[in-house]
Amino acid sequence: MQPTTPLVLCVLLSQVLQLTSAEDLDCTPGFQQKLFHINQPAEFIEDQAILNLTFSDCKGNDKLHYEVSSPYFKVNNDGSLVALRNITAVGKTLFVHAQTPHAEDMAELVIVGGKDIRGSLQDIFKFERTSPVPRQKRSIVVSPILIPENQRQPFPRDVGKVVDSDRPEGSKFRLTGKGVDQEPKGIFRINENTGSVSVTRNLDRETIATYQLLVETIDVNGRTLEGPVPLEVIVIDQNDNRPIFQEGPYIGHVMEGSPTGTTVMRMTAFDADDPATDNALLRYNIRQQTPDRPSPNMFYIDPEKGDIVTVVSPALLDRETLENPKYELIIEAQDMAGLDVGLTGTATATIMIDDKNDHSPKFTKKEFQATVEEGAVGVIVNLTVEDKDDPTTGAWRAAYTIINGNPGQSFEIHTNPQTNEGMLSVVKPLDYEISAFHTLLIKVENEDPLVPDVSYGPSSTATVHITVLDVNEGPVFHPDPMMVTKQEHISVGSVLLTVNATDPDSLQHQTIRYSVYKDPAGWLNINPINGTVDTTAVLDRESPFVHNSVYTALFLAIDSGNPPATGTGTLLITLEDVNDNAPFIYPTVAEVCDDAKNLSVVILGASDKDLHPNTDPFKFEIHKPTVPDKVWKISKINNTHALVSLLQNLNKANYHLPIMVTDSGKPPMTNITDLRVQVCSCKNSKVDCNTAGAPHFSTTAVLLLSFFSLARL
């Protein structure tokens, strides 16, 4: 082994000394310089370095990330602070936050002569103090603590320090407030001896943006020595929220043919990050348009406002030539002012191209043909039209009008709501013998008015030729109904009248035969050739087939067509009354007590089936040849009633009294009816008619019944 030379020993010793020196070096993580002062320039120039910052985490600065409190500046990887664009005023203070997985720190840049456009540090981060901080000399020195949200492990980690230059020996620091001893508790704590403030877990600015704490010094007994002094903890925003479209669905409408630049709708998104930073500064763009014809860029969105406008010429915005009148746009909102590093959110905008009435309806042909049988009604032809407008609007729906050829209002036309066709109908039966042909002129219009530069042309009118087909119509009686007046009881075979029926088919020269259709009483006969009607039985006005002195019969007229057609005629026979019915009396039974003091027996009424003057006044008489005198008496009450009374009391028995009643007809008719009078025993309010051999009817009841009959007449 060779001895080591002095030169080799010197080199080795130098390396050992260098290694020992590096290991013993006291490395403090953070910015080497934390406070800078620069003069306010006339303008910060884009990409021109303002100053250089030096940060070290003592671990090699792996994954070093910088954030600046102003969205108009950034820190490059080499630590140079530059402006993102030319800008004149940014305020009095800028803060730069540096962070690696092992350390983080904050540097402050004071701009001398800068304008206070953002206010205090709290205003920069949109926080406010809960109470003013009085300017007075204190031994406790606190500075606002800035903590980025969403920090990773490890926790707890120191974030700031409170200094008390005059703190008595044995005193301690105490930290209170929301986030310490108030909910949410335990987020912050302070080293009671050193004043180091630490955070125990990651923070969320969107939940709580600032914490207002109080710091004081206390003695061993917990009494306050100095303070409390406000300590403000500000949570620095991170870009951790994507833009969100909250107001969907987004549906817009634009009229076809609208000028270029017409605003369709506005779409805006919301970003929960700090609105004072680029984290919430949104920019909009159209990611996709479906369909992409006739142009892939039919619309444009204002990147800042979110207004969607048309960018194609009015001619391309023609609903009738578009493949689809509905467009769907994928709208993207991106924060960080639209930079690539920004987060994005998307939503779909649906834009409908609305129709306007820029096409008039046109008939598919100039002339239409229709045939209809005479006497028929209903739809005879459907008129077809074409219209390029939207079928769901009044710009497409058609309205038809008959403008000529319908003086008798025999035709009407209505729109079929499903097909838009015009349904032409006959509403009053047509007569072939009057007119075998009809010609109508019909126009079509839209429910909505046309746009000013469009009008209805010749194609909006059409002619309809209608042919009426001849039909074998039934004969018609003249007059109908037929009326005749005859006395009842005319002799059998008497001619009542001769009916007359004609055939509407005058051009066919047909013959007509007659027959009886309905003859309820069987009284009539008709000659099939000449239509003479005569009687086959006695006509009786009092027949149950006669109503209000009128007898109704029906006759048929049958032509010689093939097949034959039939017409029906009505005959009304008014029957004049003759005195052919004798009157009759009522009631025909009466009772009277054998010891009655009132010798009135019964009030009789009379009725007659004939009509006046062959009825009342009636004449009431007792048919004397069979009745003894000085026993019965009959007295007239009025034209239709008379009173039967006794001239003396009779023994208990049944008596038959013939009553003769005569009407006023010429010649008069008389009827004799037996009135059966029962004389009964009436004692102790009991009436006994048994020995009289007749049903029990009291005289009083009979009289009451008779008076009731009088009252009804």
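Modeller: A disulfide is a pair of cysteine sulfur atoms within 2.5 Å, and in this predicted model a search of the whole structure finds three of them.

Biologist: What makes Cys593 and Cys682 a disulfide?

Modeller: The sulfur atoms of Cys593 and Cys682 are 1.9 Å apart; the cut-off is 2.5 Å, so the pair counts as a disulfide.

Biologist: Which parts of the chain does the pair of Cys593 and Cys682 tie together?

Modeller: Cys593 belongs to strand β45 (residues 589-593) and Cys682 to strand β51 (residues 670-683), so the link ties together parts that lie 89 residues apart in sequence. The torsion about the S-S bond of this pair is -85°, and the link is left-handed.

Biologist: Why is Cys682 called buried?

Modeller: Cys682 has a relative accessible area of 14%, and buried means under 20%, so the term applies.

Biologist: How do you know that Cys27 and Cys58 are joined by a disulfide, and what is its handedness?

Modeller: From S to S the distance between Cys27 and Cys58 is 1.8 Å, and because the limit is 2.5 Å, the pair qualifies as a disulfide. The torsion about the S-S bond of Cys27 and Cys58 is about -90°, so this disulfide is left-handed. The pair links distant parts of the chain, 31 residues apart, with Cys27 in the loop between α1 (6-24) and β1 (30-31) and Cys58 in the loop between β4 (55-56) and β5 (65-68).

Biologist: What is the handedness of the link of Cys680 and Cys689?

Modeller: The link of Cys680 and Cys689 is right-handed, with 105° about the S-S bond, and its S to S distance is 1.7 Å. Both Cys680 and Cys689 are buried. With bonded cysteines counted along the chain, the disulfides follow the pattern 1-2, 3-5, 4-6.

Biologist: What makes β2 and β5 edge strands?

Modeller: In the open sheet of four strands, ordered β2-β9-β8-β5 with mixed pairing, β2 (35-39) and β5 each pair on one side only. The twist from one strand to the next averages 20°.

Conventions
Residues numbered from 1 in each chain as written. Predicted model: local features only at pLDDT ≥ 70, side-chain atom pairs only at ≥ 80, totals over all residues. Heavy atoms only, no water. Helix = DSSP H or I, 4+ residues; strand = E, 2+ residues; numbered from the N terminus. Buried < 20%, exposed > 50% of the residue type's maximum accessible area, 1.4 Å probe, protein only. Pairing = 2+ DSSP bridges. Axes fitted to C-alpha atoms, helices over the stretch in contact; angles between N-to-C directions.
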